[in-house]
Amino acid sequence: MIITKLNIKSKGLLPLFFLLVFWGCKKETTDIGVDILGDGNLNSIEVLITDISARSVRDDSSRTDNLSSNTLGVVNDPIFGLSKSCLIVQPRLTQFGTDDTPKSIDSVKLILKYDYEQNVLGNNNILKYGDINSVLVMDVYKLNEDLVDTVKYYSTFKPELGDIVGTFTGSFNFSDSTSLEIMLNNSFGQEMLDWNSDIYKDEAKFLKTLKGLVIVPRNNTLSGEGAIVCVEAGLNSSKLQLFYNDSLTKTIPMGSSSRRINYYETQPSVNLTNQFNSTNNFRTTYAQSFGGAKIKVDLVGLDSVIKLGEKVVINEAKITFLLDQISITDEFKAPSRMFLVVPDTLNSKYSMPIIDLTTTSNYGGDYNPVIKGYEFHFNRYLQQLVKEYAKTGKNNFNGFYLSIPSDYPVTPYRGVFKTDKDAGDIKVSITFTKLD
């Protein structure tokens with residue numbers, strides 16, 4: 001259904017030149033001509049689109065070898081199901097050489113510095129997901145394959161695991177510690193001390209011998225149990241430390257040159273799986289990071305605007321999504337921001353940015369506590385669609401995806417959205433001016 005309103009502010013239209021000048025200033029959240037009229041739109045038409053459908057679909061894989069920090073942990077989310085973030089780290093030599101004197105291991109530990117909060121455009125977001133007091137069990141494996149510098153690694157990467165060299169049992173101690181410390185097996189530490197001294201003189205030989213370590217959380221069985229946090233595995237303060245001969249220490253840090261890769265495993269809940277396997281419209285939909293879920297949104301009535309022709313200037317195109325407040329708890333905060341993207345032209349299962357949201361300052365939709373949701377403006381994208389249709393006769397709009405950002409690092413968030421079109425949960429309004 002489409003509701004149209006006509007706002008007439010002047011008996012005549014401004015010349016096309018002046019209209020395009022004001023539109024070209026990219027005043028994304030204002031109407032054309034406001035600067036000179038002062039009190040509203042110029043012969044504008046407002047279209048409210050209510051024929052909207054939404055469903056959850058599987059999220060894209062994302063590149064995870066270039067993140068500023070990384071996630072680690074597992075959560076058995078009562079709404080979303082099991083979500084696991086595994087982490088590959090790579091200790092690298094910074095000091096070369098060692099002596100051949102006998103060495104006896106006392107202990108060995110893997111230290112990963114917590115990334116407690118993330119500042120995005122002046123807003124601090126605590127980087128935790130789930131119950132931080134939950135007890136987790138995580139195994140540490142040797143990595144059994146080389147990490148190639150020229151290869152890009154994604155969240156679906158499945159590394160070849162070697163021997164277990166340690167196990168962590170406990171909780172993420174955010175309040176009393178700046179780092180996660182995992183005690184590894186003394187046999188692994190002794191093995192490293194017994195390596196030929198040549199291995200410590202050449203980084204290539206070292207990386208052939210210790211390709212990396214993989215931290216894999218074990219599944220937890222209780223609903224609501226578990227937590228996922230962020231660590232900074234690319235800092236020298238994250239390291240492998242060997243203590244030996246009573247008072248000596250050998251430190252092998254994870255510096256900026258270390259490869260660090262996340263990969264994710266999810267076991268979606270029944271509700272999510274039902275939507276993944278359906279093409280129906282749902283009144284409640286789900287978005288989740290860790291390659292979990294995004295929301296496909298179809299706007300049937302947008303065709304009527306796209307097909308109006310080239311002599312149309314889009315003053316404002318706005319879409320609003322409402323978050324189900326019942327799903328927000330201390331363990332599961334509202335996502336601080338969301339992305340509005342479109343299906344990729346080559347493979348519609350994947351996403352690509354829209355032109356409006358690649359340069360704007362908020363880099364997507366920030367959470368608005370007043371409306372209890374997210375608002376996006378897609379003026380230029382809609383103008384582009386109108387122009388393409390006028391030129392080719394082809395409508396290139398294929399709906400939107402609403403997703404949680406996968407950067408900065410992969411943000412540990414999830415959101416439950418109200419998407420009942422009869423209740424007007426998703427609101428879409430278009431204001432445009434016809435030039436003839």
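A nonpolar core is a set of buried Ala, Val, Leu, Ile, Met, Phe, Trp, Tyr and Cys residues joined through side-chain atoms within 4.5 Å. Buried here stands for under 20% relative accessible area, exposed for over 50%, and partly exposed for what lies in between, with a 1.4 Å probe and protein chains only. The structure is a predicted model, in which local features need pLDDT of at least 70 and side-chain atom pairs count only at pLDDT 80 or more, while totals for chains, interfaces and linings use all residues. Residues are numbered from 1 along each chain as its sequence is written, and side-chain values use heavy atoms, with hydrogens and water left out.

The largest nonpolar core holds 42 residues, and Leu112, Met192, Phe206, Leu213 and Leu240 touch the most other members. Strand 6 (residues 105-114) supplies the largest share of this core, five residues. Another core lies apart from it, with 40 residues, including Ala287, Leu382, Phe397 and Ile404. In soluble globular proteins, nonpolar side chains tend to be buried together.

The chain as a whole has seven helices and 27 strands. These are DSSP runs, numbered from the N terminus: helices are H or I with at least four residues, and strands are E with at least two. Of its 436 residues, 52% count as buried. The accessible surface of the chain is about 19800 Å², and 49% of that belongs to carbon and sulfur atoms; such areas come from the Shrake-Rupley method with a 1.4 Å probe, and for residues only the protein chains shown count as cover. Taking contacts (heavy atoms within 4.5 Å) between residues at least 6 apart in sequence, 81% join residues at least 24 apart.

Next come the charged side chains. A salt bridge is a side-chain nitrogen of Lys or Arg within 4 Å of a carboxyl oxygen of Asp or Glu, and by this rule there are 19 salt bridges. In one of them, lysine 294 meets aspartate 60 at 2.4 Å, N to O. Lysine 294 belongs to strand 19 (residues 293-299) and aspartate 60 to the loop between strand 3 (52-58) and strand 4 (70-77), so the pair ties together parts that are 234 residues apart in sequence. Lysine 294 is buried, at a relative accessible area of 0%, and aspartate 60 is buried too, at 16%.

Lysine 113 is partly exposed, at 26% relative accessibility, whereas glutamate 232 is buried, at 19%.

Arginine 283 is exposed, with a relative accessible area of 57%, but aspartate 420 is buried, at 16%. Elsewhere, a network of salt bridges links Arg63, Asp65, Asp149 and Arg259.

Last come the cysteines. With a disulfide taken as a pair of cysteine sulfur atoms within 2.5 Å, a search of the whole structure finds zero. Cysteine 86 is buried, at 0% relative accessibility, and cysteine 230 is buried with a relative accessible area of 0%.
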